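Have the sequence and the 3D view ready, and follow along.

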Amino acid sequence: RKVLYFLINLYAHLVGKKIFVMTSMLYCVCNKEYEEGQFMIECGKCGEWFHGSCVGIEEYQAQDIEEYHCTKCELVHGPLVLKKRRNVSQHNYKEIHEGTKQISAGSVMFIRQLKTKKFIDCKNVIRFLNNGNSFDVNYLQQHGFDVPILVKEKTGLGLVVPPSNFTVYDVEKRVGPLFDLHVIDVAKQEDLRMKMREWTEYFNSPIRGRVLNVISLEFSKTSLDELVTAPEIVRNMSWVENTWPKVITEENSHTPPAVMKYCLMGVKDCYTDFHVDFGGTSVWYHLLHGEKVFYFIEPTKVNLKKFEQWASSSDQNQVFFGDKVDKCYKISLQEG
């Protein structure tokens with residue numbers, strides 16, 4: 001960053017002493033000082049710094065810019081230069097024809113084709129329960145836990161979630177506007193960083209330049225934690241809750257991992273490619289708003305081997321893993 005302050009040496013002629021005067025540096029078209037934590041971007045030609053809010057650039061958008069040009073330098077050197085995409089065949093958000101390019105996971109054309117695909121009925125590989133009254137450890141011991149379980153009503157689960165009028169604005173109030181988020185750019189299937197305030201503005205904007213998805217907001221150390229209680233069976237079976245040492249000692253110096261409570265937020269046509277959750281862990285979901293579609297594949301030895309080959313292949317981004325196996329299932333969850 002540029003030096004924000006500089007010293008001017010003045011000499012007092014009457015007393016012959018050197019005096020140091022601290023003077024603030026002014027920046028941007030607004031001619032204001034730099035403020036701690038405020039995003040600024042440098043012009044790659046003249047070297048001047050500008051507030052992102054003054055020139056219409058959010059911090060997360062700067063990750064796509066190779067060289068920014070201010071309005072004055074733009075007249076001479078042309079508009080800003082974007083970074084080249086790693087995947088040159090990537091479809092952008094405005095493409096309406098497939099053309100001769102390969103279709104990449106998460107692209108507009110990919111999502112359109114995915115919606116037309118036929119999938120096997122999941123009724124035979126999912127266990128359905130009307131409510132959670134009998135869903136406990138004894139139930140799993142009797143029936144096993146080798147398939148997904150869908151509980152139609154949360155009654156009896158011991159689950160507590162925010163009210164139905166809870167919005168992204170409320171999430172921001174609970175975790176704070178400067179909370180760092182890991183966000184997925186769906187078309188690129190790449191990770192980027194945003195502040196919670198930026199995400200709120202993006203989520204509520206009537207026009208979005210791209211499709212973004214938040215899948216890793218762990219909020220157990222924020223005030224949002226007090227509004228959510230995991231299902232009783234999750235709390236009873238959690239290794240972190242029941243096995244991890246509560247007292248930190250020299251022998252047990254690692255603090256318990258914060259992996260119990262995540263808030264996922266996405267917009268229409270969000271897509272996350274096939275993956276295995278860290279450590280092969282099981283997860284629970286409750287949908288507060290909207291709809292979420294799951295595509296899932298049985299973890300047989302054959303399928304896991306195919307997954308390993310697919311995940312390490314150079315063309316992974318152009319291959320829908322569901323097409324590589326015999327059976328791929330789909331289920332759509334509704335809010336509540």
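Lys-45 counts as partly exposed, because its relative accessibility is 40%; here buried means under 20% relative accessible area, exposed over 50%, and partly exposed in between, using a 1.4 Å probe and protein chains only. The side chains of Lys-45 and Glu-67 form a salt bridge, with 3.4 Å from N to O. A salt bridge is a side-chain nitrogen of Lys or Arg within 4 Å of a carboxyl oxygen of Asp or Glu. Lys-45 sits in the loop between β3 (40-42) and β4 (49-51) while Glu-67 belongs to strand β5 (residues 65-67), so this pair ties together parts 22 residues apart in sequence. Strands (E, at least two residues) and helices (H or I, at least four) are DSSP runs, numbered from the N terminus.

A word on the source: this is a predicted model, in which local features need pLDDT of at least 70 and side-chain atom pairs count only at pLDDT 80 or more, while totals for chains, interfaces and linings use all residues. Residues are numbered from 1 along each chain as its sequence is written, and side-chain values use heavy atoms, with hydrogens and water left out.

How many salt bridges are there by this rule? The count comes to 11. Three of them are listed here, including the one above.

| Glu-67 | Lys-45 | 3.4 Å |

Asp-180 is in strand β9 (residues 180-185) and Lys-195 in strand β10 (residues 190-195), so the pair ties together parts 15 residues apart in sequence. Asp-180 is partly exposed at 39% relative accessibility, and Lys-195 is partly exposed at 24%.

Are Asp-185 and Arg-210 buried or exposed? Asp-185 is buried at 2% relative accessibility, and Arg-210 is buried at 10%.

Finally, Glu-172, Arg-197 and Glu-201 are linked in a network of salt bridges. Why can such pairs form? Side chains of opposite charge can pair when their charged atoms come close.
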